[in-house]
Amino acid sequence: MNLSARQLRAFVALVEERHFTRAAQRCHLTQPAFSALIRTLEEAAGVRLFDRNTRRVELTAEARVLEVSARRLLADMELAMEDLRDHAARRRGRVAVAALPSLAAGWLPPLLARFHAEYPGIELHLRDALLDPCLDMVSQGEVDFAVASRRADMSGLDSAFLHADRFHLVCRADHALAQQATVRLRDVLRWPWIALARNSSVRKHLDQALGEAAPPPLLEVEHLATVTGLVQAGVGVSLVPGMTLFHFQRPGLVIRPLAGRALTRPLYMVRRKGRALSVAAQGLHDLLLAHPMSEGAGEAGP
């Protein structure tokens with residue numbers, strides 16, 4: 001038997017009022033329309049639910065059985081609608097976002113703090129990961145969206161451009177490159193340089209820009225904290241994007257933008273193609289899009 005919320009509300013109203021006219025008024029229906037609604041309920045149930053006389057309406061034994069379930073079903077429906085209204089008003093919900101570690105450490109935290117302060121009932125999940133895992137989490141539905149670069153295979157993914165993350169030289173203050181008024185890429189590649197691992201978005205964009213003609217790095221490491229230590233020790237210089245520069249703002253280190261043709265790591269908001277975001281996820285997505293990135297906003301991570 002298929003029961004509608006309208007039928008159940010009419011049934012409970014008649015149970016409580018014991019009068020067709022008053023129950024119809026309570027349901028904002030005409031008496032004929034209300035009577036027809038009760039009649040269809042009885043027909044669907046296959047039993048008589050009310051004994052009628054000129055003065056009063058009485059419940060049958062079957063109606064008393066239905067009353068308990070009807071009240072429970074209406075309460076459950078109201079809870080479900082209230083939960084839906086909470087989600088629509090961003091009082092409740094869940095958002096999962098993946099981000100490259102440099103963005104998760106520097107640019108995202110103040111924006112997540114702002115979002116949480118405004119919508120404390122929304123559960124936040126942040127996954128910091130390298131490029132391929134970030135995008136895989138979006139493809140597999142583990143996160144709502146990612147803040148990352150693009151890769152060669154973007155099947156099933158949509159991306160919205162965020163920022164051209166320009167590369168900079170980082171070196172010791174006593175290095176010869178630090179004394180030059182302008183520094184070009186060819187100047188940097190004459191010196192021993194420290195590179196991040198090939199699975200990082202930083203390295204992938206560097207390799208793509210430099211091509212096979214570039215000299216191999218002196219050392220290849222996984223973390224920017226390691227790059228910082230090696231540059232500080234004078235082992236070599238490095239090329240890193242602007243969103244990681246906060247990590248290198250230390251005494252004895254110099255940061256220089258590269259002159260000439262811009263060498264950048266494009267960053268995007270990435271989501272599954274053809275899938276709508278929840279109200280909560282759309283709210284965070286829009287907040288991030290509305291706050292452009294700036295150099296030096298990252299602390300750690302490739």
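A: Strand 7 contributes the largest share of the lining of the largest cavity, namely 4 residues. The model is a predicted one, in which local features need pLDDT of at least 70, side-chain atom pairs count only at pLDDT 80 or more, and totals for chains, interfaces and linings use all residues. Residues are numbered from 1 along each chain as its sequence is written, and side-chain values use heavy atoms, with hydrogens and water left out.

A cavity is a set of points, on a 1 Å grid over the protein atoms alone, where a 1.4 Å probe fits but cannot get out; lining residues have an atom within 4 Å of a point. The structure holds 1 cavity of 30 Å³ or more. The largest cavity contains about 40 Å³ of space, a volume being the space filled by probe spheres set on the points, with grid points joined across faces, edges and corners.

The lining consists of Trp193, Ile194, Ala195, Leu196, Val202, Leu206, Ser238, Leu239 and Val240. Two or more of these residues come from each of strand 7 (193-196), helix 9 (201-210) and strand 9 (237-241). Helices (H or I, at least four residues) and strands (E, at least two) are DSSP runs, numbered from the N terminus.

By class, the lining has 8 nonpolar residues, 1 polar residue and no charged residues. Here Ala, Val, Leu, Ile, Met, Phe, Trp, Tyr, Cys and Pro count as nonpolar, Asp, Glu, Lys and Arg as charged, and the others, Gly among them, as polar.

Conventions: On a 1 Å grid over the protein atoms alone, a cavity is a set of points where a 1.4 Å probe fits but cannot get out, and a pocket is an open set with protein on both sides within 12 Å along at least five of seven lines; lining residues have an atom within 4 Å of a point.
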